[in-house]
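Please read the report below alongside the sequence and the model, which are shown here.

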Amino acid sequence: MNIFELEEKYIAPTYGRQPLTFVEGDGMKLEDSEGNEYLDFVAGIAVCSLGHCHPAISRALTEQAKKLVHVSNLYHIPTQAEFGEKLAEVTPESIQKFFFCNSGAEAVESALKLAVEHTGREKIVALEESFHGRTSASVGITWKKAYREPFKALISDAFEFIPKGDLVKAEEKIDEKTAAVIAEPVQGEGGVKVLPEDFLPGLRELCDENDVLLILDEIQAGLCRTGKWFACDHWGVEPDILTMAKALGNGFPIGSMGARSEVMDTFSPGDHASTFGGSPLACAVGKAVIETMQSENMPAHVERVGRYFKNKLQDLAERYKMVQEVRGLGLMLAMELDDEEDAKDVHARVQGDGFLINRTAGEVLRFVPPLIVQENHVDQLIEELDQVLDEVE
Ligand SMILES: *Cc1c(COP(=O)(O)O)cnc(C)c1O
C-alpha cells in the first residue's frame with residue numbers, strides 16, 4: 001500500500017491535508033518525497049521558530065537521548081529545574097514558576113485548573129474569535145462554533161465569551177464569580193488579530209479591581225514570534241498565568257504553564273500532573289531553544305525582518321484590490337483577501353511554485369515563517385505573491 005492508502009486505512013480522518021509529503025528539512029527549506037524544494041513560511045504552524053533541524057537543537061536532542069529520556073516526576077529532574085530557571089529569564093517579570101506538559105491544550109487546561117483552585121471561583125471569561133485548543137475545556141473556550149458545538153455535552157457552563165475591544169461588556173461579565181479572563185494578545189487561528197490598543201491594559205485593570213486572574217495564552221504569539229519575547233510585552237501588561245507551547249521545543253512537543261509564584265503555590269502535590277511532562281529529554285531541548293533564541297538575539301531580528309515583511313505586504317495591498325487588509329506583529333502576519341475562493345486559489349498557486357503558506361479563518365493568508373527568515377527569503381515570497389495576485393485578480 002502507498003502512504004495515502006495506509007493513511008486511509010489506519011489514520012483517523014481528523015485532518016484535511018495538503019497533497020505534500022516532506023522528507024527533509026534544513027533552516028527555511030523543506031524537501032518533498034519527489035525531490036522538490038520549498039521555502040517554508042508555515043514552520044509547522046509557528047512551531048519550528050529556529051528553522052528545521054537547527055544544529056544546536058538536534059545536538060541537545062541526541063546528546064540527552066543517549067543519557068536519559070524519561071524517569072517520571074516521581075523523582076527529581078535536574079534539566080527540569082534548569083529549564084524553569086532559563087524560562088524565568090525571558091517570561092514577563094510576574095511569571096516565575098512553571099508546570100511542564102506536552103502540548104498547548106494541556107497548558108491551557110492546567111491554567112484553568114490553577115485559576116479555579118486559586119480563586120475558589122467558578123467562571124472563566126474568554127474572547128470572541130479565540131482559539132485555545134481541542135481538549136474539552138480548551139475547546140469550550142474556543143470561539144468557533146464548528147469546533148465547539150459537536151461536543152456541547154462535554155463542555156462546562158463555566159465558560160462565557162465577551163466581544164474584543166469592548167471594555168463595557170467586559171466590565172458587565174467580570175464579577176465576583178469570575179476566576180479568570182483568558183486572552184490571546186494576538187489571536188492566531190482566529191485570523192491573526194492583534195487586540196485593540198487599549199483593550200489588554202483595560203482587561204488587566206478590570207481583573208485587578210475584581211481579584212480576577214488574567215491568563216494570557218501565548219502558545220502561538222510567545223517566544224519572540226511578534227518581535228518581543230512575549231506579545232504582552234508590546235503593551236507592558238503582565239499576566240498572572242501564561243501559557244506556552246508551539247515554539248518551546250522547536251518541534252519537540254513541550255507545553256508549559258507559568259504563573260506568579262504565589263498563584264502557582266496554590267497547587268500542592270497531587271493537584272495536577274503529567275506523566276510525560278518535563279522529562280529530561282524535553283527540558284534539555286527546551287533549554288537549548290531558549291539559549292539559542294537568546295544568543296541569536298531573536299527579538300531584534302524578528303522586529304527588523306517582520307517590519308520589512310509587513311511593509312512589502314502593504315505595498316501589495318495597495319496594488320491589488322483583492323487584498324482587504326494586512327495585519328499582525330513581528331513575524332506573525334496575515335493578508336486578508338476578499339473571499340475564501342480567492343484565498344484558496346492564491347494559496348494553491350503559491351504552494352505549487354514552492355512556497356509554503358497557510359490559510360486560516362477562511363479568507364486569511366497567514367505567514368508564520370521560522371524566525372530565522374532573512375530579507376532575501378521575504379523578497380522571494382513577495383515576488384511570487386505579486387505574480388499570483390496579478391494572475392488571479
Ligand atoms: C495552537 C494553539 C493552542 C493549542 O495547542 P495544541 O498544542 O495544539 O494543543 C492553544 N492556544 C493557542 C493560542 C494556539 O495557537
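## The ligand and its contacts

A backbone N or O atom of alanine 105 lies 2.7 Å from an oxygen atom of the ligand, a polar contact in the sense of a pair of N or O atoms within 3.5 Å. Taken alone, the ligand exposes 380 Å², of which the protein buries 81% (accessible areas by the Shrake-Rupley method with a 1.4 Å probe). For glycine 104, a backbone N or O atom is found 2.8 Å from an oxygen atom of the ligand, whereas in aspartate 217 an N or O atom of the side chain is 2.7 Å from a nitrogen atom of the ligand.

The residues surrounding the ligand include Phe131, His132, Glu184 and Lys246, where a residue counts as near if one of its heavy atoms lies within 4 Å. This shell divides into three nonpolar, five polar and three charged residues, with Gly counted as polar.

## Basis of the model

This is a predicted model, in which local features need pLDDT of at least 70 and side-chain atom pairs count only at pLDDT 80 or more, while totals for chains, interfaces and linings use all residues. Residues are numbered from 1 along each chain as its sequence is written, and side-chain values use heavy atoms, leaving out hydrogens and water.

## An open sheet

Four strands, in the order S1-S2-S3-S15, form an open sheet with mixed pairing; strands are DSSP runs (E, at least two residues), and two of them pair if DSSP finds at least two bridges between them. Strands S1 (22-26) and S15 (355-356) stand at the edges with a single partner strand each, so one side of each is left without a neighbour in the sheet.

S1 and S2 (residues 29-32) run antiparallel and are joined by four bridges, and aspartate 26 has lysine 29 in S2 as its bridge partner.

How values were computed:
A polar contact is a pair of N or O atoms within 3.5 Å; within protein, one must be able to donate a hydrogen and the other to accept it, and residues adjacent in sequence count only if both atoms are side-chain atoms.
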